[in-house]
Amino acid sequence: MRAVNRLTLPRALHPGAWWLWALCMAVAASRTRNPVLLVLILAVTGFVVSARRSDAPWAHSFTAFLKLGLLVIGIRVVLQALLSTRSQGNTILFTLPQIPLPDWAAGVKLGGDVTAEALITALYDGGQLAVMLCCVGAANALASPRRLLKSLPGALYEMGVACVVALTFAPQLVIDGRRIRAARRLRGRTRASFRTTAMPVLEGALDRSVELAAAMDSRGYGRTAQAPRAHRRLTAACVLLGLLGILLGVYALLTDSMDFPFAAGALAVGVLLAVGAMAVGRQRVSRTRYRPDPWALPEWLVVAAGVVAAGAMVTAAVRGVDGLLLAGPLVVPPVPVLPMIGVLVGVVPALAAPPLKKPALNQAALKKAAA
């Protein structure tokens with residue numbers, strides 16, 4: 001009966017499931033520069049966010065990451081226009097005034113001819129990074145940072161305060177920005193400048209994050225029990241080696257700098273070492289959890305949808321399927337079927353995630369609505 005209630009009753013999905021799904025979608029975006037597939041990944045993540053985000057303040061951070069992605073694309077295109085050379089293409093769009101550089105900067109130019117091939121290549125590269133940022137923004141919009149922090153393993157509780165500051169800083173930026181814009185509109189100031197709003201936003205977001213971290217530290221969060229020195233050193237060494245293996249494997253898979261078997265092996269060994277060290281280090285932390293977040297069938301379905309999307313894209317990249325990497329900037333990109341189907345599977349969380357709890361109205365609000 002309890003398992004049935006976990007599936008049917010309205011509740012918030014486990015934050016770890018949202019982060020795993022979002023990271024898998026980011027991995028899928030990192031394997032292609034095809035604009036059609038990138039737009040499809042962005043549309044899938046945006047649809048899931050719009051369907052499953054809550055009314056919490058951090059749920060509006062996806063829009064901020066989308067704007068940041070557009071800024072990244074603009075910066076990438078501008079830098080490419082300033083630094084591009086004729087070797088990147090022959091279709092000249094316009095010519096900028098060229099600034100002469102000293103002899104020690106040979107091979108680098110500022111200005112000159114700007115080709116269409118260079119700009120389109122920069123647009124594709126910037127779009128890939130922008131979509132990856134939007135996937136991270138989807139995780140920030142769907143998962144509660146505090147609930148995610150509560151689910152950390154015991155070996156990582158020493159980093160709890162730093163994780164609170166890092167995870168709550170970006171959502172607090174969005175909250176403070178909306179609050180400051182509303183206050184300026186109430187004062188009759190419709191035009192907002194970056195200079196007058198940047199410092200209050202940064203200061204407010206950092207202060208709230210530090211206050212939350214101080215409150216958690218004052219309540220004993222992250223306190224560990226006594227353990228032998230050899231035990232602590234072994235746990236720390238396993239965690240360090242595991243993280244290095246994970247970083248090496250992920251970097252090799254994302255950049256194709258190593259063979260796939262070696263990269264997958266390094267990633268698997270790193271995951272095993274990290275999981276083993278966390279399981280051993282968990283014994284140092286003795287605490288109870290009030291209403292722990294369940295991990296049931298909806299969580300498995302959400303994670304499986306992300307794994308299918310990333311797996312389809314990685315498999316297509318390993319097999320050399322046409323359409324992931326474009327043959328040329330001005331060539332109409334073909335749309336491969338297998339990666340497209342895998343990305344479309346990523347929309348499953350919009351249906352598989354349990355419904356959210358609706359905020360209960362108090363009696364005063366009900367009377368006011370009835371009147």
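Biologist: Which helix gives the most to the positive patch?

Modeller: Helix H7 (residues 160-186) does, with 3 residues. Helices here are DSSP runs of H or I, at least four residues, numbered from the N terminus. This is a predicted model: local features need pLDDT of at least 70, side-chain atom pairs count only at pLDDT 80 or more, and totals for chains, interfaces and linings use all residues. Residues are numbered from 1 along each chain as its sequence is written, and side-chain values use heavy atoms, with hydrogens and water left out.

Biologist: What makes up the positive patch?

Modeller: Lys67, Arg178, Arg181 and Arg185 form it. Lys and Arg count as positive. Patch residues have over 30% relative accessible area and no salt bridge; like charges are joined within 9 Å, nonpolar side chains (Val, Leu, Ile, Met, Phe, Trp, Tyr) within 5 Å.

Biologist: Why is lysine 67 called exposed?

Modeller: Its relative accessibility is 57%. Exposed means over 50%, buried under 20%, partly exposed in between (1.4 Å probe, protein chains only). So lysine 67 counts as exposed. Lysine 67 lies in helix H4 (residues 61-83).

Biologist: Why does leucine 68 count as partly exposed?

Modeller: Leucine 68 has 37% relative accessibility, so it counts as partly exposed. Leucine 68 is also found in helix H4.

Biologist: What makes aspartate 125 and arginine 33 a salt bridge?

Modeller: Their closest N and O atoms are 2.8 Å apart. The rule asks for a side-chain nitrogen of Lys or Arg within 4 Å of a carboxyl oxygen of Asp or Glu. The pair therefore qualifies. Aspartate 125 lies in helix H5 (residues 116-142) and arginine 33 in the loop between helix H2 (15-30) and helix H3 (35-52), so the pair ties together parts 92 residues apart in sequence.

Biologist: How many salt bridges does this rule give?

Modeller: The count comes to 2. Aspartate 125 also forms a salt bridge with arginine 76, with the closest N and O atoms 3.4 Å apart. That pair links helix H5 to helix H4, 49 residues apart. Shared partners join Arg33, Arg76 and Asp125 into one network.

Biologist: Is proline 349 buried or exposed?

Modeller: Buried: proline 349 has 0% relative accessibility. Proline 349 sits in helix H13 (residues 349-352). Proline 349 and tryptophan 21 are 328 residues apart in sequence and 8.6 Å apart in space, C-alpha to C-alpha.

Methods. Accessible areas come from the Shrake-Rupley method with a 1.4 Å probe; for residues, only the protein chains shown count as cover. The place of a charge is taken as NZ of Lys, CZ of Arg, CG of Asp or CD of Glu. Helices (H or I, at least four residues) and strands (E, at least two) are DSSP runs, numbered from the N terminus.
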